[in-house]
Amino acid sequence: EQHIGELKRKTGRTLLRTRAPKRLWDFALEHESRIISLTASDRFSHHGLSPEELTLGFTPDISQFVHFKFFEPVYYLDDDSFPVSKESLGYWSGVTRNCSDAFTYYVWKPSTNQVLARSVLRAALTSIKSTPNLRAAHDLSNSNDDISDDKDDDTPLFVSQNESFGT
């Protein structure tokens, strides 16, 4: 019961800190529980291993969780926006499970109050650097290639997966 209380407190703090709507409490709860499951601890004789690592026997991949923060504004590929821009503004609401590839995320669409599963995202705020532009780190001025070093080019690659989950 102590751990359930800790999970509830962390979920409540996440919702307050991000100013996410209360209707996303279940996504915040799942996100916090997965973070706890992936975090190494010396408690309960874990010997510095995460609960998931103890259970499965191998180090879990945490790369899905390092790109975005909970309720961070993101642009996602929206097929319904034709003929206008194919990107729509939404809010990152967690990592999906058993839905397409490992980098498919939940995105809350405020205009319809739906949570969608999307795998093509980019950060909406330039002040939040979720993923660095690796092309900007390399000096391409000596290269004879026709590749430009455009630091503002965040064009996503299309991967697909368009499932909708109503909340």
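This is a predicted model: local features need pLDDT of at least 70, side-chain atom pairs count only at pLDDT 80 or more; totals for chains, interfaces and linings use all residues.

Me: Great. How many cavities of 30 Å³ or more does a search of the whole structure find?
Reply: The search turns up 2 of them.

Me: And what volume does the largest cavity have?
Reply: The volume of the largest cavity is about 50 Å³.

Me: Which residues line the largest cavity?
Reply: Around it you'll find Phe-27, Glu-30, His-31, Arg-34, Phe-65, Ser-93, Gly-94, Val-95 and Tyr-106. By type, that lining splits into 4 nonpolar, 3 polar and 2 charged residues.

Me: Which element gives the most to that lining?
Reply: That's H2, with 4 residues. Helix H2 spans 25-38, and together with strand S2 (87-95) it belongs to the elements that each supply at least two residues of the lining.

Me: Switching topic: at what angle do helix H1 and H2 pack?
Reply: H1, covering residues 2-18, packs with H2 at an angle of about 120°, and their axes lie 9 Å apart. Because of that angle, H1 counts as oblique to H2.

Me: Is the crossing of H1 and H2 left-handed or right-handed?
Reply: The crossing is right-handed.

Me: Nice. Which residues make the contact?
Reply: From H1 come Leu-7, Lys-10, Thr-11, Thr-14 and Leu-15. H2 brings Trp-25, Ala-28, Leu-29, Glu-32, Ser-33 and Ile-36.

Me: How do the residues of that contact divide into nonpolar, polar and charged?
Reply: The contact of H1 with H2 has 6 nonpolar, 3 polar and 2 charged residues.

Definitions and conventions: Residues are numbered from 1 along each chain as its sequence is written. Side-chain values use heavy atoms; hydrogens and water are left out. On a 1 Å grid over the protein atoms alone, a cavity is a set of points where a 1.4 Å probe fits but cannot get out, and a pocket is an open set with protein on both sides within 12 Å along at least five of seven lines; lining residues have an atom within 4 Å of a point. Grid points are joined across faces, edges and corners, and a volume is the space filled by probe spheres set on the points. Ala, Val, Leu, Ile, Met, Phe, Trp, Tyr, Cys and Pro count as nonpolar, Asp, Glu, Lys and Arg as charged, and the others, Gly among them, as polar. Axes are lines fitted to C-alpha atoms, for helices over the stretch in contact, and angles run from 0 to 180 degrees between N-to-C directions. Angles under 35 degrees count as roughly parallel, over 145 as roughly antiparallel, 65 to 115 as roughly perpendicular and the rest as oblique. A crossing is left-handed if the near helix is turned anticlockwise from the far one by less than a right angle, and right-handed if clockwise. Contact means heavy atoms within 4.5 Å.
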